[in-house]
2 protein chains.
Amino acid sequence: MIITSPANATIKMIRSLRQRKAREASGLCFVEGIRLVTEAAEAGAELVQLVVAPALLTSAFAHDLVEQLARQGIERIEVSAEVFASLSAKDGPQGLAAVVRQRWLELAEVRLDQGARWVALVEPADPGNLGTIMRTVDGVGARGVIIVEPAADPYDPAALRASMGAAFAVPLVRTSWAELAAWKRANGVTMVGSSDQAATDFRQAAYPTPLVLLMGSERQGLSAEQQALCDLMVAIPMRGRSDSLNLAVATGILLYELAS
Amino acid sequence: MIITSPANATIKMIRSLRQRKAREASGLCFVEGIRLVTEAAEAGAELVQLVVAPALLTSAFAHDLVEQLARQGIERIEVSAEVFASLSAKDGPQGLAAVVRQRWLELAEVRLDQGARWVALVEPADPGNLGTIMRTVDGVGARGVIIVEPAADPYDPAALRASMGAAFAVPLVRTSWAELAAWKRANGVTMVGSSDQAATDFRQAAYPTPLVLLMGSERQGLSAEQQALCDLMVAIPMRGRSDSLNLAVATGILLYELAS
């Protein structure tokens, strides 16, 4: 049976996942496109429902994927092209999406073994930056991302897109600044912060592990209190007019230096 | 006299600058917000017209800026809040914008002196990436950006925003692949390309100057022909599921390595 009404109750629930409030309440997110659905499945994310528009789904690869996931017992909802378009944020929708369960770790579950590197982001505001940083964390082989709230939602569609699927592969923690500070003091992990005012060039420092790289928000950077919690503050030298780089670029530059 | 009609001919011309076609035809762009207008002015960009909405412009700093620019003889257009909103892409418009002349260099004007580092982007598709790369080029002290067309427009509002004003400080060249290849062969500048398949870890290479860092497009990377033009191919090691980083992140990581 193909759902043809955009007002269908299930479709309305899925459409509501555009809103963060509905994502938080349900613990779900909406994942669109053949590539992202594939990445979510391969990363072991829990796919709750597949949404398929047979009229749009022309890729043989995607057909095989849908069959394979259906054999694993994942519920499949078939919808008309019009209904799919009502859910889609894409100009050329591919006819495949999924409702996926969010996955969060607790701070207490973060393992700080030798070689472990985590990124902690203080109140990141831009979901694109957040997704891009998840992609870099995956790429460099860091362990995961600790998000200090209030922050952008890593399960925002823009964050998922920018992550290229890494959102499902990279462990995510959400916490408050007070909790993060208490956790850092309790376990003594090395924390490295970034500021254009720091005296140490990031290329001149040594980085023991386990380590947490602490990055401030796009607009504010790290506060004095946040810098005071760090064992080491490093600067990325700025030679031009600006005093900062894009948050995702700065995080990428530092992560690749830490890992080398 | 305050313009109160969104259909005013000057206002329509300015609004048309949202479209790339109109930007190309006029050689102009639309720069919105106190920060970006300030950056454009300080970087020596040619401000053709200031657009001011007195009802929205509450910042004393911005008032001083407007007075100072008016004294330099820059035409000032005063508009109602409604007209300003009809031009603005912002939710909370600040009441200040400018029409600014685009600035482009020819390839032949690129100076390849000792220490010079340029980035050449092959068909970058995302204006946000392009703007973020201009910001990084400014930050690291590289000389400028060579854009191989077809490409996103660095004078797109999203690119200008992401550049944080660096679009007006960083020299920009646009060219074709054939022209770039001929220019490289003619002057023998070292060209370094990036690919996940390259045998050399980017941290293990030496980077003579003058140098051009060649980056492929978001989707395609560098073609075999493009790689063949490079004197050196380097890889950023990828440890996770993905085979690539975001283009602006990868460019930032490589630029800071080249410059160190």
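**View 1. Where domain 1 of chain A meets domain 2 of chain A.** In this predicted model, 13 residues of domain 1 of chain A are in contact with 14 residues of domain 2 of chain A. In domain 1 of chain A, R20(A), R23(A) and L36(A) lose the most area to domain 2 of chain A. Together these residues account for 41% of what that side buries. Domain 1 covers 2–101 of chain A, and domain 2 covers 107–258. The C-alpha centres of the two domains lie 31 Å apart. The area buried between domain 1 of chain A and domain 2 of chain A is about 1100 Å². Carbon and sulfur atoms give 59% of that area.

View 2. The rule finds four salt bridges across the interface of domain 1 of chain A and domain 2 of chain A. One of the salt bridges in the model joins the side chains of R20(A) and E149(A), at 3.9 Å from N to O. R20(A) is also among the residues of domain 1 of chain A that lose the most area to domain 2 of chain A. Between the two domains, four residue pairs are in polar contact, both residues at pLDDT 80 or more.

**View 3. The elements on the domain 1 side.** α2 (20–26), β2 (28–32) and α3 (34–42) of chain A each supply at least two residues of the side of domain 1 that touches domain 2 of chain A. The largest share of that side comes from α3(A), with four residues. By class, the side of domain 1 of chain A that touches domain 2 of chain A has eight nonpolar, no polar and five charged residues.

**View 4. The interface of chain A and chain B.** Here 30 residues of chain A are in contact with 30 residues of chain B. The two chains bury about 2600 Å² between them. Of this area, 52% is on carbon and sulfur atoms. In chain A, R135(A), R241(A) and Y256(A) lose the most area to chain B. Together they make up 28% of what that side buries.

View 5. Across the interface of chain A and chain B the rule finds four salt bridges. The side chains of R241(A) and E39(B) meet in a salt bridge, with N to O at 3.6 Å. α3, α6 (127–140) and α10 (247–258) of chain A each give at least two residues to the side that touches chain B. α6(A) gives the most, with six residues. The side of chain A that touches chain B divides into 13 nonpolar, 10 polar and seven charged residues.

**View 6. R203(B) beside Y256(A).** R203(B) sits in the loop between β10 (200–201) and β11 (211–215) of chain B. A polar atom of the R203(B) side chain lies 3.2 Å from the backbone oxygen of Y256(A). Leaving out residues up to four places away in sequence, R203(B) touches Y256(A), A259(A) and S260(A) in chain A, and P237(B) and E257(B) in chain B. Y256(A) is among the residues of chain A that lose the most area to chain B.

**View 7. How the two copies are related.** A rotation of 180° superposes chain A on chain B, with 0.0 Å of shift along its axis and an RMSD of 0.0 Å. That is the relation of a two-fold axis. The copies meet through the same surface, because 100% of the interface residues of chain A are also interface residues in chain B.

Methods
Residues numbered from 1 in each chain as written. Chains lettered and ligands numbered in written order. Predicted model: local features only at pLDDT ≥ 70, side-chain atom pairs only at ≥ 80, totals over all residues. Heavy atoms only, no water. Domains from an automatic or database assignment. Contact = heavy atoms within 4.5 Å. Buried area = accessible area lost by both parts, 1.4 Å probe. Polar contact = N/O pair within 3.5 Å; in protein donor to acceptor, adjacent residues only side chain to side chain. Nonpolar A, V, L, I, M, F, W, Y, C, P; charged D, E, K, R; others polar. Least-squares fit on C-alpha atoms with pLDDT ≥ 70 in both.
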